[in-house]
Amino acid sequence: IYLPPSLYFSPPYLYLSISLSLPPHQELQKRLKDSGADGVLHPHFLDVRKDSSILELFKFADSLGHVSVVVNNAGVSLDAPLLTGATEVWREMLEVNVLAYAVCAREAYSRMVANKTNDGHIININSVSGHLVSHTPGTPNLHFYEATKFAVTAMTEGLRQELHTTDTYIRVSQVSPGWVQTNIMSRFYNDEGKGQQTMKDVGTKLDASDIANAVEFILSAPPMMEVGDVVVRGLKEH
């Protein structure tokens with residue numbers, strides 16, 4: 001989780017940060033305070049696989065004020081090939097990578113309309129895996145994960161088309177990163193050492209701050225410009 005200094009808006013804004021762990025929130029709260037920005041960070045914990053948990057989150061957001069920007073950033077990649085993968089593992093990837101995004105976008109839109117937030121923005125953090133299917137021998141089998149990311153690509157475009165039929169100027173965008181330095185491959189293999197080795201093997205990786213900067217770029221676009229997709233990769237990524 002990362003907030004670039006230029007996203008510490010003034011006058012006072014409320015930031016709602018979602019996570020399943022506390023330390024990132026403490027780090028963000030300190031960074032926000034140290035920046036001198038006039039804003040407040042409100043941490044909230046949820047399980048994106050549960051509709052009830054997401055709906056509770058939006059009720060909490062309602063208690064803070066109006067929803068203006070939603071960034072869908074949850075994602076999971078697990079070792080479950082199409083020929084031999086477990087149905088439960090596929091279902092988890094679908095629920096986290098696709099259904100949670102759809103539910104959050106729906107709930108955000110309904111609140112933006114109700115609160116007359118005519119210039120709201122929904123941003124999906126997707127992946128280059130939403131644009132291509134890997135086939136390199138010896139690399140992790142990401143095919144079902146890639147299927148979920150292709151769904152996010154279709155969902156983002158579908159949202160854009162549906163929003164264009166409304167009387168609002170709410171925009172939708174996506175960021176499609178290549179490899180980013182996270183623990184995603186350690187979770188994929190359920191093996192910290194193997195996950196770290198895979199991350200070393202892929203070459204140049206992006207940092208979370210690079211993705212946040214891409215979000216910043218999207219939000220800084222002029223009101224009548226809609227940024228559809230920002231594809232970002234590490235230079236010379238394998």
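**Figure 1. Packing of helices α3 and α4 in the predicted model.** In this predicted model, the axes of α3 and α4 meet at an angle of about 15° and lie 9 Å apart. The two helices are therefore roughly parallel to each other, since angles under 35 degrees count as such. The crossing in which α3 passes α4 is right-handed. On the side of α3, the contact is made by W90, M93, L94, N97, V98, Y101, A102, A105 and Y109. On the side of α4, the residues that take part are F144, Y145, T148, K149, A151, V152, M155, L159 and L163. Sorted by class, the residues of this contact comprise 15 nonpolar, two polar and one charged.

**Figure 2. Packing of helices α2 and α3.** Helix α2 spans residues 51-64 and helix α3 spans residues 87-114. Their axes are 10 Å apart, and the helices pack at an angle of about 30°. For this reason α2 and α3 are also described as roughly parallel to each other. The passage of α2 across α3 is a right-handed crossing. Helix α2 contributes D51, I54, L55, F58, K59 and D62 to the contact, while α3 contributes A100, V103, C104, R106, E107, A108 and R111. The contact of α2 with α3 contains seven nonpolar and six charged residues, and no polar residues.

Figure 3. A polar atom of the S127 side chain lies 2.9 Å from the backbone nitrogen of S129. When neighbours within four places in sequence are set aside, the residues in contact with S127 are Y145, K149, V175, S176 and P177. Of these, Y145 and K149 of α4 also take part in the contact between α3 and α4.

**Figure 4. The loop residue K116.** K116 is located in the loop between α3 and β4. The phi angle of K116 is near 60°, a positive value in a residue that is not glycine. With a relative accessible area of 72%, K116 is exposed, because a value over 50% places a residue in that class.

**Figure 5. G203 and its approach to E237.** G203 belongs to the loop between α6 (192-201) and α7 (208-219). Its relative accessible area of 17% makes G203 a buried residue. Although G203 and E237 are 34 residues apart along the chain, their C-alpha atoms are separated by 5.1 Å.

Figure 6. The protein contains seven helices and six strands. In sequence order, these elements follow the pattern β-α-β-α-β-α-β-α-β-α-α-α-β.

Note on methods. Residues numbered from 1 in each chain as written. Predicted model: local features only at pLDDT ≥ 70, side-chain atom pairs only at ≥ 80, totals over all residues. Heavy atoms only, no water. Polar contact = N/O pair within 3.5 Å; in protein donor to acceptor, adjacent residues only side chain to side chain. Contact = heavy atoms within 4.5 Å. Axes fitted to C-alpha atoms, helices over the stretch in contact; angles between N-to-C directions. Helix = DSSP H or I, 4+ residues; strand = E, 2+ residues; numbered from the N terminus. Parallel < 35°, antiparallel > 145°, perpendicular 65-115°, else oblique. Left-handed = near helix turned anticlockwise from the far one by under 90°. Nonpolar A, V, L, I, M, F, W, Y, C, P; charged D, E, K, R; others polar. Buried < 20%, exposed > 50% of the residue type's maximum accessible area, 1.4 Å probe, protein only.
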